[in-house]
Amino acid sequence: MEKRRQYPGLDVVKFFLALLVAERHVIQIFFVEGSRWHVLIGSWLSNLGVPVFFTISGFLLFQKVDGGHPDPGVIRRFCTRSLKLYVIWSGLYLVTDWYNWYHGSRDVAEGITTYLRRFVFDSTIPQLWYLPALALAGFLVWAAYIKGMRIWQILAMGAVLLTIGCLGDNWYFNQRLPMIFQNALQVYWRLFITLRNGVFYGVFYVALGLVLAKTEWRLPFWAAVGGFLAFTAGLYWEVTHCYNTNFTFLAAPAAYCLFTAASQVQWKERRFYVRLRGMSEWVYLSHFYFFYFLVWTRPWNPIPFDSKTVTAMIVLPMLAFSWVMVRLAETEQGKWIGKLI
């Protein structure tokens, strides 16, 4: 079997972006609304996380796909893995879902209906929506590619869908749309809850991964670094002036430049980067449990609750837990743990 090539730069980037996504949710829940951290991390830098995750996944997927002689097993394994993880982690979070229902105002029937609807069209825990979205986006891009669509056409299709998502998701833009489109959005939201899914979000970035896997459309390293800094600065302007917090236009070129620069890093291959990759997945998938542990233990926790201590009480145990899980998965008895990420 051919040894999988390592991309240490991508592993490092993925780890820090997973931390930013986790910290985004810490800030949204525990920090004072309107604080500078809400802007710097909650709205700005963390918006790079999911676009880069989609792009990396698309890149790794289409390295295995031969457009001329496609193996359907590749996309089947890709989608099955994502959906399996979604079901597993949704099950692991049932305790917190029950806790939220029990302390809410819904009756049992309404709680079950709401849960099932969100499970199908969104997710009940904020970060888990990425998993079914990845499966759907991966399948759609794969189907278009093996049916003979040109790569630039698939990327253009994804760009149109992403534009619809950006315009429709944010009130700054959607309130300026003609009323017929605003009414259509209201109907869509009643049916499908969110535009943040595999169609309007994932297709473009998975298609970008396809571009990077199958073409030489890459900037030189330092040009990519410069482009990343420029587009990330522009992204700050976008989130502060257009109030985008989920869909952002400039995250697309920033993600492309960040991926291009990180994938060209020529560090020596080490086991450390593989572990860092595993930690990033544990951080992303498990971090909400550390929020709940903090809330559940608050009545007897003597440490004063402020932004610094809350962050430390969540992030430090989360990192320790992720490291332990990665190391346990390397043992003979703990191999099953690796199937949770």
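A salt bridge is a side-chain nitrogen of Lys or Arg within 4 Å of a carboxyl oxygen of Asp or Glu. I start my notebook with that rule, and I remind myself that this is a predicted model.

**Entry 1: charged pairs**

I looked up glutamate 330 and arginine 327 to begin with. Their side chains meet in a salt bridge, 3.2 Å from N to O. Glutamate 330 has a relative accessible area of 31%, so I noted this residue as partly exposed. Arginine 327 is partly exposed too, at 35% relative accessibility. I then found that Arg327 and Glu330 belong to a network of salt bridges together with Arg271 and Arg275.

How many salt bridges are there by this rule? I wrote down nine. One of them joins the side chains of arginine 277 and aspartate 11, with 2.9 Å between N and O. This pair links distant parts of the chain, since arginine 277 sits in helix α14 and aspartate 11 in helix α1, 266 residues apart. Arginine 277 counts as buried because its relative accessibility is 16%, and the cut-off for buried is under 20%. Aspartate 11 is also buried, at 5%.

Glutamate 281 forms a salt bridge with lysine 14, and their closest N and O atoms are 3.3 Å apart. Here glutamate 281 is in helix α14 and lysine 14 in helix α1, with 267 residues separating them in the chain. Both glutamate 281 and lysine 14 are buried.

Next I went to glutamate 238, in helix α12, residues 221-241.

**Entry 2: the whole fold**

I counted 15 helices and zero strands. The C-alpha atoms fill a box of roughly 60 × 60 × 40 Å along the principal axes. A compact globule of 341 residues would have a radius of gyration near 20 Å, and the protein has 20 Å, so the two agree. Of the 341 residues, 50% count as buried. I also checked contacts between residues at least 6 apart in sequence: 80% of them join residues at least 24 apart.

In soluble globular proteins, nonpolar side chains tend to be buried together. The largest nonpolar core here has 102 residues, and Phe54, Phe62 and Tyr205 have the most contacts inside it. Helix α14, residues 271-297, gives the largest share of this core, 13 residues. I took a look around phenylalanine 62, and its contacts include Val141, Trp142, Tyr145, Val206 and Leu210.

**Entry 3: helices from the inside**

Is helix α11 largely enclosed or largely open? I noted that 14 of its 17 residues are buried, so helix α11 is largely enclosed by the rest of the structure. At its start, a side-chain oxygen of asparagine 197 reaches to within 3.0 Å of the backbone nitrogen of valine 199. In helix α2, residues 36-44, I listed His38, Ile41, Gly42, Ser43 and Trp44 as buried. Their cover includes α1 and α12.

Serine 286 lies in helix α14 and is buried, with a relative accessible area of 3%. A polar atom of its side chain lies 2.5 Å from the backbone oxygen of tryptophan 282. I also saw that serine 286 touches Trp89, Tyr93, Gln127 and Phe321, leaving aside residues up to four places away in sequence.

Isoleucine 125 is in the loop between α6 and α7. Is isoleucine 125 buried or exposed? I wrote buried, because its relative accessible area is 1%. Its contacts include Tyr93, Thr96 and Phe288. Arginine 81 is 44 residues from isoleucine 125 in sequence and 19 Å away in space, C-alpha to C-alpha.

My last stop was isoleucine 193, in the loop between α10 and α11. Most residues other than glycine have a negative phi. Isoleucine 193 has a positive phi, near 75 degrees.

Note on methods:
Residues numbered from 1 in each chain as written. Predicted model: local features only at pLDDT ≥ 70, side-chain atom pairs only at ≥ 80, totals over all residues. Heavy atoms only, no water. Core = buried A, V, L, I, M, F, W, Y, C linked by side-chain atoms within 4.5 Å. Buried < 20%, exposed > 50% of the residue type's maximum accessible area, 1.4 Å probe, protein only. Helix = DSSP H or I, 4+ residues; strand = E, 2+ residues; numbered from the N terminus. Contact = heavy atoms within 4.5 Å. Polar contact = N/O pair within 3.5 Å; in protein donor to acceptor, adjacent residues only side chain to side chain. Rg over C-alpha atoms; globule rule 2.2 N^0.38 Å.
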